[in-house]
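Hi,

Here is the structure I promised to pass on. Have a look at it first, then read my notes below.

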Amino acid sequence: MNFVEELKWRGMIHDIMPGTEEQLEKEMTAAYVGIDPTADSLHIGHLVGVMMLRHFQMGGHKPIALVGGATGMIGDPSGKSQERNLLDEKTLRHNENSLKKQLAKFLDFYSDKPNAAELVNNYDWMKEFSFLEFIRDVGKHITVNYMMSKDSVKKRLGSESREGLSFTEFTYQLVQGYDFLHLFNQKGCKLQMGGSDQWGNITTGTELIRRKTGGEAFALTCPLITKADGGKFGKTESGNVWLDPERTSPYAFYQFWLNTSDSDAEKYIKIFTLLSKKEVEALVAEHQEAPHMRKLQKRLAEIVTELVHGKEALETAIEASQILFGKGVTNTLRKLDEKTLLAVFDGVPTFNISKEELASGIGIMDLVAEKTEALPSKGEARRTIKGGGLGLNKEKVTSDDLIVTTNDLLNDKYLLIQKGKKNYFLIIAE
């Protein structure tokens, strides 16, 4: 596989330094991507860089994932307006271990192949570096004029910036540049990859390598992922879409990809899956014939969810998605864990009842019309039942004499009332 050609058709190259493709054709090459370790999980914004590393390894080259323990403590000025909080080492190591587990779903760390992936942390080589050593061994090789010419610095010093730029952030490109130099010397790493906002920092590294060692190193960046509507990729109303199922349930993760627009889905399926060009083109053509079937979005959601969460979690997410559209059955509903159940019925009206009272049994009429306000009156409830329009936990209520008890609870806490096809109410027993 030609790595550069592969990335080009996928729309994953923004800038590439001259000579990069020739270097990759010449020999197996090591390349790294930096990852911020300020959380113990990746979010989908990280996936572009991770997929670049995956394609790189599939092309026979060696990927290095660099956890920015040191740089993460400073804060990269690129596109940001505030500095980050200092992490203690215990938290940093916990985050590093958690990230490696997630990265192992994408990269081969454990084989004995020469291009097995590696995880490194720049805190390991920066923590003993004194300030005097740093300005002597690194700072003197890069001029302030050179550093000031970077777009990330210009923006923060420009008239539109209210925050200004601290000395700490100003030196960020030197710290990142030193990472590249260190990996060049210790691991033979000749390429750094990242988002297009990282170009200035990456090229500072190639310049530092040239000035310090006389060696040649390379840079490659991908476009920053955007949404067709101008919104920020990977963000929802509740925040980041995480790979950790405790932070973002597999159901919510699946729904994120399922709900992308047609134009975004066409772009994302090239970036976030390993489907070939031929497969993508066939899928896009199939989608355009019947856009309402959302085949592109479904395939995208299935592939990425299974890759991140596994087949079982994907199947649960698909089943959970069908519940709202009348295809789900009681057994499916009872299988859902609490987090998924609440994600599926996020935003539906909720009511609280006493679990103690439910233990001795509550008539369905009292439950929906008096103990809660799911239906406005017993008369309305009776008419709804008679017309076959009332459901309890996805089962049709056929008698107004039904007694509901704690045995009916989902996850020992919830009852789902359905009126007609689309009106749901969640009753919480506490």
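A quick definition before we start: two residues are in contact, or touch, when they have heavy atoms within 4.5 Å of each other. Keep in mind that this is a predicted model, where local features need pLDDT of at least 70 and side-chain atom pairs count only at pLDDT 80 or more, while totals for chains, interfaces and linings use all residues. Residues are numbered from 1 along each chain as its sequence is written, and side-chain values use heavy atoms, with hydrogens and water left out.

Let's begin with the inside. Buried means under 20% relative accessible area, exposed means over 50%, and partly exposed is in between (1.4 Å probe, protein chains only). A nonpolar core is a set of buried Ala, Val, Leu, Ile, Met, Phe, Trp, Tyr and Cys residues joined through side-chain atoms within 4.5 Å. The largest one here has 59 residues, and Ile-44, Met-193, Trp-257 and Phe-272 touch the most other members. Helix 3 (residues 47-58) is its biggest contributor, with seven residues. (Helices are DSSP runs of H or I with at least four residues, strands are runs of E with at least two, and both are numbered from the N terminus.) Leaving out residues up to four places away in sequence, Ile-44 touches several residues, among them Phe-233, Val-241 and Trp-257. There is also a second, separate core of 31 residues, including Met-147 and Phe-170.

Two strands pair if DSSP finds at least two bridges between them. Five strands make an open sheet in the order 9-15-14-11-12, with mixed pairing. Strand 9 (350-353) and strand 12 (395-396) are at the edges with a single partner strand each, so one side of each has no neighbour in the sheet. What about strand 14 (residues 414-419)? Five of its six residues are buried, so it is largely enclosed by the rest of the structure. Six bridges join strand 14 to the antiparallel strand 15 (residues 423-429). These two strands form a hairpin with three residues between them, and Gly-420 in the turn has a positive phi of about 70°.
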